[in-house]
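Subject: Structure handover

Hello,

Here is the structure for you to look through. Please open it first, then read my notes below.

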Amino acid sequence: MEDFEIVTLKAQLAKLEKENEMLKFKLLQHENILEGALDAVAIFDENMKFIDVNSAACHMFQLQKKELCRKSLYDFLSLIPKNQLSEVMEAIYQDDPGRNELIVKLENGQVKFLEISVRKQAINGYDLAMIKDVSFKKMLERERTINEQLFKDLFHRAVDGIVIFDQDGAFIDANGSFCTSFEINKNQLNSFVLGDFIDEPDLYKLDRLWKMLKENGSAKGELPVLLRNGSKKVFEFTTTSNIINGFYMAIMRDITEKRSMEMKLYKSEERFREVFENAIDAIMIWGKNGQIQKVNQAASRTFELSETELVQRNILDFVDQNSVSFQRVKKEYFQTGAIREELLFHMPNGQNKELEFTSKMDILDGHHLTIFRNVSERKRMEKVLRESEHKFRNIFNASMDGIILFNNNYEIIEANPAARKILNLSSSDIKSYKICDILFSKMDDLYQEEELDFYEAKTKETIYTLSNGAEKILEISLKHHINEDMNLAVFRDVTEKRELEEQLRKSDTLNVVGELAAGIAHEIRNPMTALKGFIQLLEGSVKDDFSMYFNVITSELSRIESIITEFLILARPQAIKFSEKDLSIIMKETTELLNAQAILVNVQMILDIEDNLPLIYCEPNQLKQVFINVLKNAIEVMPNGGQIDVKIKQKDEDNLLVSITDRGSGISEDKIKRLGQPFYTTKERGTGLGLMVSYKIIEEHQGQVDVESEEGKGTTFHIMLPIRQ
């Protein structure tokens, strides 16, 4: 190689060395700049892998440089959803230089917000990124947003009224609570000033508020407000000045009800003092150890000591602490904290008093309140009352008459055993009725009270219907207002008495009728015999045809003779000879006897006789007379014809029942009761003796006659006869 070429090569080598030195200097300079940068600087390849980083980047990611250079930026983006990751990375490279924010999660779990600026292929084909930690800025922005939102929530949702006003008192803004309390619409808020709501006598309080605001910058107190509708309210306020652009903010709480309650409490305390001092009952306040703290005048009178002397005593000084009753009361009181009881208290003068007391524990600061009442006299009266009540109860329960106590609403309070027996009601059942429902059930409600007042004056009778339909005659007398809201009804069952009286009256009537019948029959029968004989002679000697007249005369004479015969049956005792007979044969013979008379008026008699009826002991002719009387009556009540049903059956082991039913006009209930009485009849030409004789015959046979009738439909006679006498 030539010298020239060698020199040239050396010159080029020196130049290259110089350039190399220059590059090393620049590289060192760049490294110093990179290391000295406050922001993180990182070099990435196309896969976002860290190629080189400065100290700030290591501090940001909290990893050593060697460790960080083994990582990719993607390793710190786990908080970004995968479906959004590519979109976020594209956004970083769109701008030149691209700027965007990333949220990264470090290996220690810490989360940071990074602002990143990327320059593409800035160094040897690699991307240069400037990264800035904006987490603190984000936190401040978030806190500011939260604070603003909290203020808005506090302002608009606060229960207390919040208002912002200027130095002239003009309203700038207010929350809903303020508008509600002041009863104004928020849209009208700017048209009012604070002074519009202050009554003239209270304007000095507003002036004082302005003065305090100017001097101290804040003010507290109470402000009376006059609303537009004329009502007044009291507000408790806290005001701060110059919080927003020189405005004032006041927080106002409506304490109108609070002040009203305080006034009521004050009045209540005043009333308590009045009650305490002027109460009729003794009132005592005592401490935990029993030391008396305060008493009223009534307590002084009850314990017979002055108030000054009494408050120096202990409540236990007045009781026998060893008594069983005191130990029981003490135990119960300390278990429950309140008690109402009675105890014997020993007075300083040696007198003993029975005191009823109510005690309450811990009414205030551990003190006890006890109210006493002297019940010694009441106890004595209760004893007398119990003895009196015991006597009354004995008389009430042992009385033979029924006694019912009822209130002013006629509700039954109590009934004695005799009343329950007469009315056939239990004690619980009788109390579910009113007195009117039981003793005056057949009267209407309007008449009952008038009737009850009438019963006050005298004794009267009424009819009581039992649950089985049977009736009783009750003799009742009432006494109103025997006690407060208490009245008395006394009654007795006179049913049997009235029946005996009725039987006696009938017996007397029968005796009179019998005596009259004997005299009449004796006086009339002899002339009747002569008349019948002369009529027969006259009939034979008269040549003209007067048969119609003679038939009428003969028929009427026969009727008179039958009436006389009935009289004689009543007048003298009949010799009755009982024998076993078939009742069905007696009935058949009777219907055959009357069949001709029935056919004349188009009446049919239908027999319905049960098979294998037992024979009965009877007097057949008398029973035939009964059946004739009943059947003749049935025929006569159906002048236009009809049907008579005759039924005979065995009612039970001891009795046969004969039922004779017609289709006549029927008999009313009040007339049924009088059937069988002497000379009582429902027929125009009847004497009433036929049924009277029939009833007497059935009675002698120890039987019973019941009549069942419905007006307009017909009547049924039920004749029950015993099989054996």
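Start with one definition: a residue is buried under 20% relative accessible area, exposed over 50%, and partly exposed in between, using a 1.4 Å probe and protein chains only. The model is predicted, so local features need pLDDT of at least 70 and side-chain atom pairs count only at pLDDT 80 or more, while totals for chains, interfaces and linings use all residues. Residues are numbered from 1 along each chain as its sequence is written, and side-chain values use heavy atoms, with hydrogens and water left out.

**Salt bridges**

A salt bridge here is a side-chain nitrogen of Lys or Arg within 4 Å of a carboxyl oxygen of Asp or Glu. How many salt bridges does the structure hold? There are 21.

Take Asp52 and Lys65. Their side chains meet in a salt bridge, 3.1 Å from N to O. The pair links distant parts of the chain, 13 residues apart. Asp52 sits in strand E2 (residues 50-53) and Lys65 in helix H3 (residues 65-68). Helices (H or I, at least four residues) and strands (E, at least two) are DSSP runs, numbered from the N terminus. Lys65 has a relative accessible area of 36%, so Lys65 is partly exposed. Asp52 is partly exposed too, at 25%.

Next, Arg492 and Asp401. Their closest N and O atoms are 2.9 Å apart. Asp401 is buried, at 19%.

Some salt bridges share partners. Glu222, Arg259 and Glu262 are joined into one network that way.

Arg313 and Asp317 form another salt bridge, at 3.6 Å from N to O. Arg313 counts as partly exposed at 27% relative accessibility. Asp317 counts as partly exposed at 43%.

**Asp662**

Now a charged residue without a salt bridge. Asp662 is found in the loop between strand E25 (655-661) and helix H21 (669-672). Asp662 is buried, and the nearest side chain of opposite charge, Arg663, is 6.8 Å away. For charge, Lys and Arg count as positive and Asp and Glu as negative; His and the chain ends are not counted. What lies 3.0 Å from a polar atom of the Asp662 side chain? The backbone nitrogen of Gly664 does.

Contact means heavy atoms within 4.5 Å. Leaving out residues up to four places away in sequence, Asp662 touches several residues, including Ala634, Met638, Gln643 and Lys713.

**Leu369**

Leu369 lies in strand E15 (residues 367-374). With residues up to four places away not counted, Leu369 touches Ile283, Met284 and Ile285, among others. Leu369 and Ala338 are 31 residues apart in sequence and 9.6 Å apart in space, C-alpha to C-alpha.

**Cavities**

A cavity is a set of points, on a 1 Å grid over the protein atoms alone, where a 1.4 Å probe fits but cannot get out; lining residues have an atom within 4 Å of a point. The whole structure has 2 cavities of 30 Å³ or more. Strands E6 (161-165), E9 (232-244) and E10 (247-254) each supply at least two lining residues.

Best wishes

Notes:
A polar contact is a pair of N or O atoms within 3.5 Å; within protein, one must be able to donate a hydrogen and the other to accept it, and residues adjacent in sequence count only if both atoms are side-chain atoms. On a 1 Å grid over the protein atoms alone, a cavity is a set of points where a 1.4 Å probe fits but cannot get out, and a pocket is an open set with protein on both sides within 12 Å along at least five of seven lines; lining residues have an atom within 4 Å of a point. Grid points are joined across faces, edges and corners, and a volume is the space filled by probe spheres set on the points.
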